[in-house]
Amino acid sequence: MHVTQDADSMPHTDAQPAIDVRGLRKSFGSFVALDDIRLTVPRAAVGLLGANGAGKTTLIRTLLGLISPDSGSASVVGFDTRTEGTKVREFVGYMPEAEGLPTNTTAADFVGHMAEMSGLPPRAARQRAADVLYQVGLAEERYRLIKGFSTGMRQRVKLAQAIVHDPKLIFLDEPTSGMDPEGREEMLELIERVYRQLGIAVVVSTHILEDVEKVCNYVVILDQGRLVAAQPLGGLDVIGGEAIVHIDGDQSAFQRGLESQGVTVRPADLEMGFEELVVEVNDEAVYDLIRDLAVEQGASLRSLRTRSRSLEDIYLGTVGEMREEVGHRV
Amino acid sequence: MSDTASPIPATPNEGASRYGEVFDRGYAHYDGPREGRRRAILSLFGYSIKRALGIRKSWTAKILPALLYFSAFVPLIVMIGIASLLPDANVASYPDYFVGIFTIVGIFAATVIPEILVPDRREKTLPLYFARAITRFDYVLAKLAAATVLTMTISVLPAIILWLGRQITAESPASAMRENLGDLWRVILLGTLIALTLGTIALVISSMTDRKGVAIAVIVIGFIIISSLVEPAITELNQDWRRYLILIAFTLVFDAIGTSLFDSQPDAIVQLADLPIWMYYAWVCFVIVAGSLFVRWRYSPRNAS
């Protein structure tokens with residue numbers, strides 16, 4: 001099959017970030033929806049986290065080129081969102097949160113139409129529609145009217161229309177919203193498959209931390225229009241983990257010894273009936289310090305176990321810090 | 001297309017639930033042509049027409065458009081057939097024909113055209129459209145074009161058949177066609193103006209509601225009320241400005257334009273109003289342009305979700 005894209009219009013190479021945001025700001029009247037967002041996101045399964053009103057939807061709409069920012073700029077899959085909005089949308093898919101499907105038409109017809117709306121010729125669009133409906137598990141139902149579909153099947157149609165034109169990146173806005181636990185689990189599996197096997201970068205906008213933990217390997221956290229964190233999810237323990245230390249010996253002296261080395265230590269709750277210390281681990285060297293101090297003080301190190309911070313800890317911690325900082329400034 | 005073969009065997013997962021099965025027959029990336037905005041606009045145009053006519057929808061959606069096409073074409077074809085068989089029978093004159101067809105075109109615009117715009121709002125598919133390779137302007141352009149072309153199929157096409165019928169039933173069809181070629185262009189012009197005007201008015205009203213029934217009711221009732229009020233207003237009122245009221249009764253507006261195009265006697269109310277013919281043309285152009293701009297405004301980011 002021939003390719004009509006010329007070299008200049010080809011959007012994306014693996015080396016390029018999927019999203020590159022430079023000082024994006026958008027306000028609606030006095031409400032600041034996005035405040036100086038600076039962000040570079042690799043081709044990954046990205047969780048876009050934030051409470052309602054955090055700016056997630058505004059960020060997505062800006063990245064799709066549907067909203068013009070007040071200042072700053074962004075490029076998505078290599079195209080500038082301000083000047084090349086239609087090009088961005090040609091190579092990006094979007095699955096909105098709201099129920100948004102025509103009911104009195106078949107899934108194949110609608111998904112094929114959406115492929116054409118992304119620039120595919122009619123014949124290729126029909127073929128792609130059949131293929132992606134097969135990929136999302138609606139092969140048998142594709143000639144049925146959408147009005148007879150369950151919530152889960154409709155979500156699948158929405159996912160199919162988002163990937164039918166073989167985008168480089170898709171934005172999924174609350175993809176598991178309104179689904180029962182079983183349907184939600186299946187949708188998450190599908191999303192993971194879209195990223196891992198179909199090779200399409202994914203941005204999942206959600207306020208459900210568990211969804212992000214399940215399918216994403218990169219997280220972006222927004223709060224009140226500000227960027228709170230943007231980093232790989234697998235490396236979240238870099239932000240901070242904890243070591244639970246149980247020693248036989250003078251625990252207070254051990255705590256003072258660690259604190260004198262600049263390590264943050266606090267007594268643990270008496271979960272097991274032992275007195276334990278919770279040591280913050282920001283660096284691998286902390287483990288060496290614990291070992292050396294135990295030798296130096298002649299204390300027996302009975303146990304040392306690590307406890308990574310969950311995404312919820314990270315979210316609450318970073319958002320809390322950000323709000324505190326803003327509060328101080330005000 | 002390039003096939004990026006997947007390592008997963010091509011079998012469904014055992015025990016997967018009714019939604020959850022993912023069959024893997026390999027995912028083919030698309031590396032064929034991408035035709036961008038042009039294809040997107042064409043697709044939206046074609047899809048809107050198909051949806052409005054009930055194509056690829058349930059059979060009930062096809063009934064009304066089919067009935068209207070039947071009432072526009074069949075009596076005309078029967079009339080031409082009779083005229084070709086009976087030398088004494090006359091085929092309708094163009095102005096008479098357009099007066100007759102105007103009601104059918106009006107009902108068509110009121111009932112079929114809202115289907116072009118309203119479902120996208122009611123079913124909340126606008127975010128999906130605006131996330132594709134089009135701008136909001138492209139969306140409105142495609143919808144306006146679809147409404148106009150669709151209305152032309154019932155205002156211009158039968159009129160062209162009428163023109164053909166009149167020539168075929170003439171004593172010398174070939175020479176009649178040559179001599180009356182000017183009528184063909186006048187027929188197309190009048191039919192196109194009717195299509196543009198009624199199509200735009202129907203879209204304006206459709207752009208203001210999420211309910212097709214409301215759009216239909218407003219358009220139909222609006223036409224009926226205006227048509228029934230204008231005539232007594234013009235004849236009974238004493239003020240000089242009353243004659244301009246004729247401009248809101250589009251039946252009379254197109255009667256004036258049609259009779260001027262074909263040099264025939266206009267309706268008595270048109271004669272009473274006695275407006276210059278350019279004013280009717282200017283008014284029709286204003287309605288088309290203002291209506292299009294209004295729909296464009298309705299779909300600007302502040303007004304459409």
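A cavity, as the word is used here, is a set of grid points where a 1.4 Å probe fits but cannot get out. In this predicted model, a search of the whole structure finds six such cavities of 30 Å³ or more.

The largest cavity holds about 110 Å³ of space, and of the 13 residues that line it, Y47(B), R51(B), P119(B), D120(B) and Y129(B) lie nearest its centre. Helices α1 (36-53) and α4 (114-122) of chain B each supply at least two residues of this lining, with α4(B) giving the largest share, four residues. Sorted by class, the lining comprises six nonpolar, two polar and five charged residues.

Y129(B), one of the residues nearest the centre of the largest cavity, also belongs to a cluster in which ring pairs link Y129(B), F130(B), Y139(B) and Y299(B). Over all chains, the search of the whole structure finds twelve aromatic pairs. Among them, the rings of Y139(B) and Y299(B) have centres 5.3 Å apart and planes at 40°, so this pair is tilted. Because Y139(B) lies in helix α6 (residues 136-155) of chain B and Y299(B) in the segment after α13 (277-298) of chain B, the pair ties together parts that are 160 residues apart in sequence. Y139(B) counts as buried, at 0% relative accessibility, and Y299(B) likewise counts as buried at 0%.

Technical notes: Residues are numbered from 1 along each chain as its sequence is written. Chains are lettered from A and ligands numbered from 1 in the order in which they are written. This is a predicted model: local features need pLDDT of at least 70, side-chain atom pairs count only at pLDDT 80 or more; totals for chains, interfaces and linings use all residues. Side-chain values use heavy atoms; hydrogens and water are left out. On a 1 Å grid over the protein atoms alone, a cavity is a set of points where a 1.4 Å probe fits but cannot get out, and a pocket is an open set with protein on both sides within 12 Å along at least five of seven lines; lining residues have an atom within 4 Å of a point. Grid points are joined across faces, edges and corners, and a volume is the space filled by probe spheres set on the points. Ala, Val, Leu, Ile, Met, Phe, Trp, Tyr, Cys and Pro count as nonpolar, Asp, Glu, Lys and Arg as charged, and the others, Gly among them, as polar. Rings of Phe, Tyr and Trp (its six-membered ring) pair if their centres lie within 6.5 Å; planes under 30 degrees apart count as stacked, over 60 as edge-to-face and the rest as tilted. Buried means under 20% relative accessible area, exposed over 50%, partly exposed in between (1.4 Å probe, protein chains only).
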